[in-house]
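Below are some comments for a colleague who wants to go through this model point by point. Please keep the structure open beside the text while reading.

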Amino acid sequence: MRSPTATILGAGAMGTAISTILSANGYKVCFWDIEKEVIEGINQKRRNPRSFPDLKLPDAVSAEADIRKAVFGADLVVVAVASSAVREVVKKIKDVLARNCLV
C-alpha cells in the first residue's frame, strides 16, 4: 500500500510545523515555495533555513519549485501561504488537483 501524499503550499513556520505532523502520521510531504534557498535547504540539508532552521526534517519531506508538479497527484493540499497570496496561488493549481484531493 502506498503512503498518502500531502503538498504544503508555503514553507513558512506554519507549513513546516504541519509537515512534521503529517510525516509522523505516514504522509509523504512535498513543500512548494518560491524561495530557491528554502527549497535547496529542505532537499539538500533536510532543514528549512527560513523557519525552524534547527529542526531536522524527516526523509519523507521534500520541496519543489514548480507548483503544478508539487500538487499533481497529491491526496491532500495544505494552503499555508500569506492570506494576501491565497487567491493567486490557488488559481495556479485548480486544474491540476486530483479529483479526490482534500484542500
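1. In this predicted model, T16 has a relative accessibility of 0% and therefore counts as buried. The residue is found in helix α1, which covers residues 13-24. T16 and F52 are 36 residues apart in sequence, and the distance between them in space, taken from C-alpha to C-alpha, is 7.6 Å.

2. Turning to charged pairs, the structure holds seven salt bridges.

3. D59 and R46 each lie in the loop between α2 and β3 (61-64), so the pair ties together parts that are 13 residues apart in sequence. Which of the two partners counts as buried, with a relative accessibility of 14%? It is R46 that counts as buried at this value, a figure under the 20% limit used for that class, while D59, at 67% relative accessibility, counts as exposed.

4. D95 forms a salt bridge with R68, and the closest N and O atoms of this pair are 3.0 Å apart. Since D95 lies in the segment after α4 (86-93) and R68 in helix α3 (residues 67-71), the contact ties together parts that are 27 residues apart in sequence. In terms of accessibility, D95 counts as exposed at 56%, and R68 counts as partly exposed at 40%.

5. Some charged residues take part in a joined arrangement, for D33, E35 and R50 are linked in a network of salt bridges. A reader checking the charged side chains may wish to view these three residues together.

6. On empty space, the general idea is that rolling a probe the size of a water molecule over the atoms shows where empty space is left. The largest pocket has a volume of about 170 Å³. Of the 15 residues that line this pocket, the closest to its centre are G10, W32, D33, I34 and V81. D33, listed here among the residues closest to the pocket centre, is also a member of the salt-bridge network with E35 and R50.

7. What is the make-up of the lining of the largest pocket, in nonpolar, polar and charged residues? The lining divides into eight nonpolar, two polar and five charged residues. By element, α4 gives the most to this lining, with three residues.

8. Finally, V79, V90 and V103 form a nonpolar patch on the surface, and together they have about 220 Å² of accessible area. V79 has its place in strand β4 (residues 76-79). With a relative accessible area of 32%, V79 is partly exposed, and this value is over the 30% that a residue needs in order to be part of a patch.

Technical notes: Residues are numbered from 1 along each chain as its sequence is written. This is a predicted model: local features need pLDDT of at least 70, side-chain atom pairs count only at pLDDT 80 or more; totals for chains, interfaces and linings use all residues. Side-chain values use heavy atoms; hydrogens and water are left out. A salt bridge is a side-chain nitrogen of Lys or Arg within 4 Å of a carboxyl oxygen of Asp or Glu. Helices (H or I, at least four residues) and strands (E, at least two) are DSSP runs, numbered from the N terminus. Buried means under 20% relative accessible area, exposed over 50%, partly exposed in between (1.4 Å probe, protein chains only). On a 1 Å grid over the protein atoms alone, a cavity is a set of points where a 1.4 Å probe fits but cannot get out, and a pocket is an open set with protein on both sides within 12 Å along at least five of seven lines; lining residues have an atom within 4 Å of a point. Grid points are joined across faces, edges and corners, and a volume is the space filled by probe spheres set on the points. Ala, Val, Leu, Ile, Met, Phe, Trp, Tyr, Cys and Pro count as nonpolar, Asp, Glu, Lys and Arg as charged, and the others, Gly among them, as polar. Patches are made of residues with over 30% relative accessible area and no salt bridge: like charges are joined within 9 Å, nonpolar side chains (Val, Leu, Ile, Met, Phe, Trp, Tyr) within 5 Å. Accessible areas come from the Shrake-Rupley method with a 1.4 Å probe; for residues, only the protein chains shown count as cover.
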